[in-house]
Amino acid sequence: MLNRRHIRIKVMQTIYAYKGGEGGDFKADQTFLLRSIENMYSLYLLQLSLLVEIQKREAIYVEKTQQKHLATSEDKNPNQKFANNEVLLYLKNNTALQDALEDYKVKNWELDNEYVDVLFKAIKSSSLYSEYMQTRTSNFNEDKNFVIDIYKEIIAPNDKLYDYLEDQNLTWVDDLPVINTTIVKLLRKLKPNSSEKYMLPDLFKDIDDREFALDLFKKTILNQNQLNSEIGEKTKNWEADRIANIDQVLLQMAICELKNFSSIPVKVTINEYLEIAKEYSTPKSSIFINGILDNLVKEYQEANTLNKTGRGLM
């Protein structure tokens, strides 16, 4: 679920908020980093549970329609295609998902159900819904495509939901694109015989990614003085307060990564931090960061101090 770029972003956020120095006790910040990453899974489950709650809303709607006091023949036999959507029922009846929701204490929609109502009404009034309900039966692929479409076009971009998530956890705003992309990717590959745990991917791709997050954080913090000294040598014509704080952190991390992570290609490191700078810092930050890193890499290569292993890593 979690890619390396987002791991770097999480580390950047933690270092940016770090108030200590090289000799400080950063265990609390390391715990904060891991908790911030772990909270992504709560967001993933929260977003996924929206689909479950929407299915429940439709099932209740169908039942109420059938029980109208002066129900018409159409009311008594409503189109239940949405309520019986195979993908939504897969999620609703998924005991592994329900256990995960319980373990992570994801119960937001019990108290804040008005957001489910907003999304439910938006779906019911959409052209996607009208087209889908033109027939009374469907196959698994049609059901799946409909769920993907409403997630991409109605749920994910909903402004009220976005504001709600921001209020719940400020870092979730940065996590949301990764989470939404993950959900859509998993739904696209979902099959009728998929296991219950299919929609519960591991947060980290492997143990190496978790270690990368911790190592990048620790090695950057422990070497801040040296890293700042190298940055200072390349920014002698710049006053310290002219360098954006985010740029300083990104440079620290990038230099640390260049010097301490032998399996990561130089181009990958530079490109990743330039992309993060474009998203999180000033319009000219990526140009500034690229210039400093480019000069440093040339110096490291000339001094033969870039410890990169494997072919094509320089």
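Trainee: Where is N158 found?
Mentor: This is a predicted model, in which local features need pLDDT of at least 70 and side-chain atom pairs count only at pLDDT 80 or more, while totals for chains, interfaces and linings use all residues. Residues are numbered from 1 along each chain as its sequence is written, and side-chain values use heavy atoms, with hydrogens and water left out. Helices are DSSP runs (H or I, at least four residues; strands are E, at least two), numbered from the N terminus. N158 is found in the loop between α9 (140-155) and α10 (159-168).

Trainee: Does N158 count as buried or exposed?
Mentor: Accessible areas come from the Shrake-Rupley method with a 1.4 Å probe, and for residues only the protein chains shown count as cover. Buried means under 20% relative accessible area, exposed over 50%, and partly exposed in between (1.4 Å probe, protein chains only). The relative accessibility of N158 is 15%, so N158 counts as buried.

Trainee: How many residues apart in sequence are N158 and Y44?
Mentor: In space, N158 and Y44 are 16 Å apart, C-alpha to C-alpha. Along the sequence, the pair is separated by 114 residues.

Trainee: How many salt bridges does a search of the whole structure find?
Mentor: A salt bridge is a side-chain nitrogen of Lys or Arg within 4 Å of a carboxyl oxygen of Asp or Glu. With that cut-off, a search of the whole structure gives 13.

Trainee: Which residue forms a salt bridge with R4?
Mentor: The closest N and O atoms of the R4 pair are 2.6 Å apart, and the partner is D209. The pair links distant parts of the chain, 205 residues apart: R4 is in helix α1 (residues 4-17) and D209 in helix α12 (residues 207-222). R4 is partly exposed at 28% relative accessibility.

Trainee: Which helix holds E272, the salt-bridge partner of R8?
Mentor: The side chains of R8 and E272 meet at 3.1 Å, N to O. The two residues are 264 residues apart, with R8 in helix α1 and E272 in helix α15 (residues 266-280).

Trainee: Are R8 and E272 buried or exposed?
Mentor: R8 has a relative accessible area of 2%, which makes R8 buried. For E272 the relative accessible area is 13%, so E272 is also buried.

Trainee: Which parts of the chain does the salt bridge between E58 and K124 tie together?
Mentor: The closest N and O atoms of E58 and K124 are 3.0 Å apart. The pair ties together parts that are 66 residues apart in sequence, because E58 lies in helix α2 (residues 27-66) and K124 in helix α7 (residues 114-124).

Trainee: Which residues are joined into one network?
Mentor: Joining happens where salt bridges share partners. The residues in this network are R5, R8, E257 and E272.

Trainee: Which residues gather in the patch of positive charge, and which helix gives the largest share?
Mentor: Patches are made of residues with over 30% relative accessible area and no salt bridge; like charges are joined within 9 Å, and nonpolar side chains (Val, Leu, Ile, Met, Phe, Trp, Tyr) within 5 Å. Lys and Arg count as positive and Asp and Glu as negative, with His and the chain ends not counted, and the charge is placed at NZ of Lys, CZ of Arg, CG of Asp or CD of Glu. The positive surface patch holds K152, K185, R188 and K189. Its largest share, three residues, comes from helix α11 (residues 172-189).

Trainee: With which side chain does D175 make a polar contact?
Mentor: D175 is found in helix α11 and is buried, with a relative accessible area of 0%. A polar contact is a pair of N or O atoms within 3.5 Å; within protein, one must be able to donate a hydrogen and the other to accept it, and residues adjacent in sequence count only if both atoms are side-chain atoms. At 2.6 Å, the side chain of D175 contacts that of H6.

Trainee: Which helix gives the largest share of the negative patch?
Mentor: The negative surface patch is formed by D99, E102, D103, E110 and E196. E110 lies in helix α6 (residues 108-111) and is exposed at 62% relative accessibility. The largest share, three residues, comes from helix α5 (residues 95-103).

Trainee: What is the phi of K105?
Mentor: K105 is found in the loop between α5 and α6 and is exposed, with a relative accessible area of 66%. Although K105 is not a glycine, its phi is positive, at about 55 degrees.
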